[in-house]
Amino acid sequence: MELTDETARTKDIVLDLPDWVGHRAGQHVDVRLTAEDGYQAERSYSIASAPEDGHLVLTVERLDDGEVSPYLVDVLMPGDQLELRGPIGGYFVWEESLGGPLLLIAGGSGIVPLRAMLRHWSAVGSSVPVRLLQSSGSLDDLIYRDELLDGAYAGVDIRVALTREWPDDWRGRRGRIDRELLRELAWPPSERPLAYICGPTAFVEAAAEWLVENGQEPGRIRTERFGPTGT
Amino acid sequence: MDALDGNAIAGVLFEHFGEEMTMTRGRCAHCHTASRIGELRVYMRAPGAVARCPVCGKVVMVIVQIRGEPRFDLASIELLHPI
Amino acid sequence: MSPISRGFTGRRRPTEDPSRVPPGQYVTLDFPVLSAGPTPHTPHDEWTFTITGQVEQPVSWTWEELLTLPSETPTVDIHCVTKWSKLDTTWRGISVDTLLERVNTEAEWVTAWSDGGYTTNLALEDVTDGKAWVAYEFDGEPLESEHGGPARLLVPHLYFWKSAKWVRGLTFTPDDEPGFWENYGYHNHGDPWLEQRYQGD
């Protein structure tokens, strides 16, 4: 097990699991923690790595009032045991056979499963057109910041919206995303894009509604709500 | 309380049915619309998990843990062969 | 057997007085929000509370009428069947005894029902003699909608799923009729001190 900081509040947990059966981009694992007196807590975390990466990566955002995330980010150390169930999910999964064009929309830590999709897209050399819109409070909060901003995904149209604060020379979107931005960013409905939206529930619901209002097919919009504040 | 998607119960459904269920379509007994399990609106933080039809909002599935054993009530959803 | 997660304790807090914590419960300092569905939002001018069913004469109050009734400010411990307990919670509400003053009935069971369709069943003796309120303030503030506002039932001596959020009335019934969670296997009575979580406990 290897642990790396992504942002001040987020950590990558890299796991080498000899018995891992492999997974599909977008799936998650259920992590269960057990205290010495038997008390248990369980939460789902999206897999951040692509199937081709060879090891399993979970990117966990620490929620201040969280039950599981503070443990994973602050306490967990190499050598500790972690109980996982998975990989799980078939609905919020993308692989090349599903085609595109592919529209990925992430709010905060919602980027995690979408990043697995991007890594998979890259690894298989897919020619499906991809656009990513990531909404984050600030550059400091932006998970996978270097990957996303420094061209790790050549050929992917990546837009980042900073909603709370931004550097003076920021040329991306300033402020929250809205219906107009989605209309501008998405392919026209006639191209039938396949959309994956992930993040806090309110963000996902607003984005999904705007896509539908812009004429996109509801059946080609897949969502993964993280709940009120994230994972 | 914010809803989650059917993904949130994917793990417990997998353990019960022995297969991945989120792509399976189910017909709501109230409004008769068919949706994928992954599209159901799930309320997890309760004495049980309550899955509601994304179209009419009524309860279609409830999963409770009785003495540590999951119990599934699918009385209001008709599972259809995945298309 | 699950492996022990080294150093994991969860968000639980030790309590100074374990005699206040029913078996199997943990004390929490926050106030978890649990719900079986979306939060309803009934505006005050459309809100009513109705007592009906096996009663001689149904009675009903509008929001304004309810607020003219004498209120109480109970401080109580609450216990959720999902194992968290919260001590010394403060509320303002109308005692159910007050609401039942004008009600004549021979029935001994009630079903509390709420906006959004939630129901829970209670014995009349569990909501009388100072054991229950229709509460509209928590911690000195109007009850937030995610916690059941504008008003919820408050029955602290039973597991908190009996304290129906978004309550709109009580219906007197001839028999004990299981409500929402009771139908799915939760206990009809729900005494946390006897750990009556599930049917058959």
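A: **A proline in chain C, and what surrounds it**

With 8 C-beta neighbours inside 10 Å, Pro23(C) counts as exposed, because the cut-off for an exposed residue is 12 or fewer. The model is predicted. Pro23(C) sits in the segment before β1 (26–27) of chain C. Pro192(C) lies 169 residues away in sequence, yet the two C-alpha atoms are 7.4 Å apart in space.

Next, the chain around that proline. Chain C holds 4 helices and 11 strands. Its radius of gyration is 17 Å, close to the 17 Å that the globule rule gives for 201 residues, so chain C is as compact as a globular protein of that length. Along the principal axes, the C-alpha atoms of chain C fill a box of roughly 60 × 35 × 30 Å. Take the contacts in chain C with a separation of 6 or more: residues 24 or more positions apart account for 62% of them.

Val134(C) belongs to the largest nonpolar core, which has 126 residues. Together with Leu104(A), Val134(C) touches the most other members of that core. Neighbours within four places in sequence are left aside here. Beyond those, Val134(C) is in contact with Phe49(C), Gly93(C), Ile94(C), Val96(C), Leu99(C), Ala151(C), Leu153(C) and Val167(C).

The core leads on to chain A. Among the contributors to the largest nonpolar core, which counts Leu104(A) as a member, helix α2 (residues 111–123) of chain A gives the largest share, 7 residues. At least three residues of this core come from each of domain 1 (2–88) and domain 2 (96–225) of chain A.

The domain assignment of chain A places domain 1 at 2–88 and domain 2 at 96–225. Their centres, taken over C-alpha atoms, are separated by 23 Å. The contact takes 16 residues from domain 1 of chain A and 13 residues from domain 2 of chain A. On the domain 1 side, β1 (2–7) and β5 (56–61) of chain A are the elements that give two or more residues. The residues on that side of domain 1 divide into 6 nonpolar, 6 polar and 4 charged.

Chain A also touches chain B. Here 15 residues of chain B are in contact with 17 residues of chain A. Helix α1 (residues 10–17) of chain B gives the most to the chain B side, with 3 residues. That side of chain B divides into 6 nonpolar, 5 polar and 4 charged residues.

Last, chain B itself. It has 1 helix and 7 strands. Along the sequence, chain B runs α-β-β-β-β-β-β-β. The radius of gyration of chain B is 12 Å, close to the 12 Å that the globule rule gives for 83 residues, so chain B is as compact as a globular protein of that length. Its C-alpha atoms fill a box of roughly 35 × 30 × 20 Å, taken along the principal axes. Buried residues make up 49% of the 83 residues of chain B. Among contacts in chain B between residues at least 6 apart in sequence, 48% join residues at least 24 apart.

Conventions. Residues numbered from 1 in each chain as written. Chains lettered and ligands numbered in written order. Predicted model: local features only at pLDDT ≥ 70, side-chain atom pairs only at ≥ 80, totals over all residues. Contact = placed C-beta atoms within 7 Å. Nonpolar A, V, L, I, M, F, W, Y, C, P; charged D, E, K, R; others polar. Domains from an automatic or database assignment. Core = buried A, V, L, I, M, F, W, Y, C linked by C-beta atoms within 7 Å. Buried ≥ 20, exposed ≤ 12 C-beta atoms within 10 Å, placed from the backbone. Rg over C-alpha atoms; globule rule 2.2 N^0.38 Å.
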